[in-house]
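New notebook page. I am going through this one piece by piece and jotting down what I look up.

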Amino acid sequence: MNDDTRKEMACQELVEVITDYLEARLPEVDRGRFEAHLASCSACQEHLEQMRAVVRLTGRLTPQSLEPATVDSLLSAFRRWRDS
Amino acid sequence: MAPAAEMRSMEADLIARLRGGDEAAFSCLVHTYSASLKRVAIAFVPSDAVADEVVQDTWLAVLNGIDRFEGRSSVKTWIFRILTNRAKTRAIRERRTINFSELEDPLETDQPAVDPARFLPASHSTWPGHWASPPEHWSASAEDAVVGRETMEVLRRGLESLPPAQRVVVALRDVHGWPASDVCEVLGLSEANQRVLLHRGRSRLRGALEVYFAENA
C-alpha cells in the first residue's frame, strides 16, 4: 500500500473526483477516503449537494428540437419517398 | 420479455412499419430522436441552421437506406452513425477548424473544477488543499420546487456556452438522460474521457449558478 491510500483526501482532491464518485467509478480505496472526508467536512457536503442540484436542474431543461416547419417538410419528404 | 429483447422486438416492428410506408412510425422516430440528433450535430457544425440541415439530411438518408438496414446494431446506433458521418463531412466542407480536439483528448488541458485560489496551498502546515473560501449554502433558491425561470435561464445559457465537447456530453447525459455507454458509442469516446468532459461541464455549470446565487442572494 502506498502513502496515498492512507492519506486523508483533501477538499481540492475531492472536488475533482466527485463525478467519478457519482458515476460509481471511484476505486474502492478512494471511495473510502472520499466518504471519510465527507463525513467530517460540511463544505464538501455542500459542494456535493450543489453538484447533485446541477444534475437535477439540468434534467429539467427542455431539449431544443427541430422547428415544426422542418418536421412538416420531413413528413412531406416521407410521403414522396413512400409514393415513389 | 427481458428489456433488451423487448427493445429489439419493438425496433424490428418499427422498421417493418417504416418499410411498409407507415407515416406514424416515421413521425414517431423523428419526434423521439430529432432533438438529440440536433444536439450531436451542433457539436460539429458552426451554426444552428446547419445543424438542422444535417438532421434533415440524416432522416432522408435513413429513408433511403432503410432497406439495407440489417439490424446488426440498434436503430438508434445506426441513425446516429449516419448523423455523425454527415456532420463531420459537413464540418470539413464548411472549413470549420474542428474545435473538437477536446473530444479526442480532454486530458490535454488542465481545467480545475474549482478555482485553485479557493483552496489553502499544498504547503499549508495544518490544512493543505482544504477550502480557504468554501461554497456558500445555496439555500431555498436552489430547492427544486421553487427554482425560478431566471435560474433555469442562467443554467441554459451556461450549458450553451460550454466548449462543444463538454456541452454535447452534459446535454446528452443530463438533459436527454442517456446512459454513459450510449454517449461513448455515439461520440466515439472512451468511458474515462466521457467522464472528464461530464465533470468539467457540470463543474462549470455549478460555478455559473454559484455566481448567480451570490449576486442574487
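Is A:His37 buried or exposed? I note before answering that this is a predicted model. With a relative accessible area of 1%, A:His37 is buried, because the cut-off for buried is under 20%.

**Around A:His37.** I found A:His37 in helix H3 of chain A, which covers residues 28-39. Leaving out residues up to four places away in sequence, I listed what A:His37 touches: A:Glu8, A:Met9, A:Ala10, A:Cys11, A:Leu14, A:Cys44 and, from the other chain, B:His130. I also checked A:Met9 by distance: it sits 28 residues from A:His37 in sequence, but their C-alpha atoms are 6.0 Å apart in space.

**A:Thr58.** Next I looked at A:Thr58, which is in helix H4 (residues 42-58) of chain A. Its relative accessibility is 0%, so I put A:Thr58 down as buried. Which residues is A:Thr58 in contact with, neighbours within four places in sequence aside? I got B:Leu155, B:Val170, B:Asp174, B:Val175 and B:Leu205.

**Two helices of chain B.** B:Leu155 and B:Leu205 turned up again when I looked at helix packing, B:Leu155 on the H6(B) side of a contact and B:Leu205 on the H9(B) side. Helix H6 (residues 149-160) and helix H9 (residues 191-215) of chain B pack at about 145°, and their axes are 9 Å apart. I noted the crossing as right-handed. Besides B:Leu155, H6(B) brings residues including B:Val154 and B:Leu159, while H9(B) brings B:Tyr212 and B:Phe213, among others.

**Domains of chain B.** I have chain B split into domain 1 (3-93) and domain 2 (101-215). The C-alpha centres of the two domains are 29 Å apart. Their contact takes 10 residues from domain 1 and 13 residues from domain 2.

The largest nonpolar core here has 67 residues, and B:Phe26, B:Val40, B:Trp59, B:Ile79 and B:Leu187 touch the most other members. Helix H2 of chain B (residues 23-44) gives the most to this core, 11 residues. Both domains of chain B take part in this core, with at least three residues from each. Another core, of 19 residues, lies apart from it and includes A:Val15, A:Leu26, A:Met51 and B:Ala113.

Last, I picked out B:Phe26. Neighbours within four places in sequence aside, B:Phe26 is in contact with A:Leu74, A:Leu75, A:Phe78, B:Leu18, B:Trp59 and B:Leu63.

Notes:
Residues are numbered from 1 along each chain as its sequence is written. Chains are lettered from A and ligands numbered from 1 in the order in which they are written. This is a predicted model: local features need pLDDT of at least 70, side-chain atom pairs count only at pLDDT 80 or more; totals for chains, interfaces and linings use all residues. Side-chain values use heavy atoms; hydrogens and water are left out. Axes are lines fitted to C-alpha atoms, for helices over the stretch in contact, and angles run from 0 to 180 degrees between N-to-C directions. Helices (H or I, at least four residues) and strands (E, at least two) are DSSP runs, numbered from the N terminus. A crossing is left-handed if the near helix is turned anticlockwise from the far one by less than a right angle, and right-handed if clockwise. Contact means heavy atoms within 4.5 Å. A nonpolar core is a set of buried Ala, Val, Leu, Ile, Met, Phe, Trp, Tyr and Cys residues joined through side-chain atoms within 4.5 Å. Buried means under 20% relative accessible area, exposed over 50%, partly exposed in between (1.4 Å probe, protein chains only). Domain bounds come from an automatic or database domain assignment.
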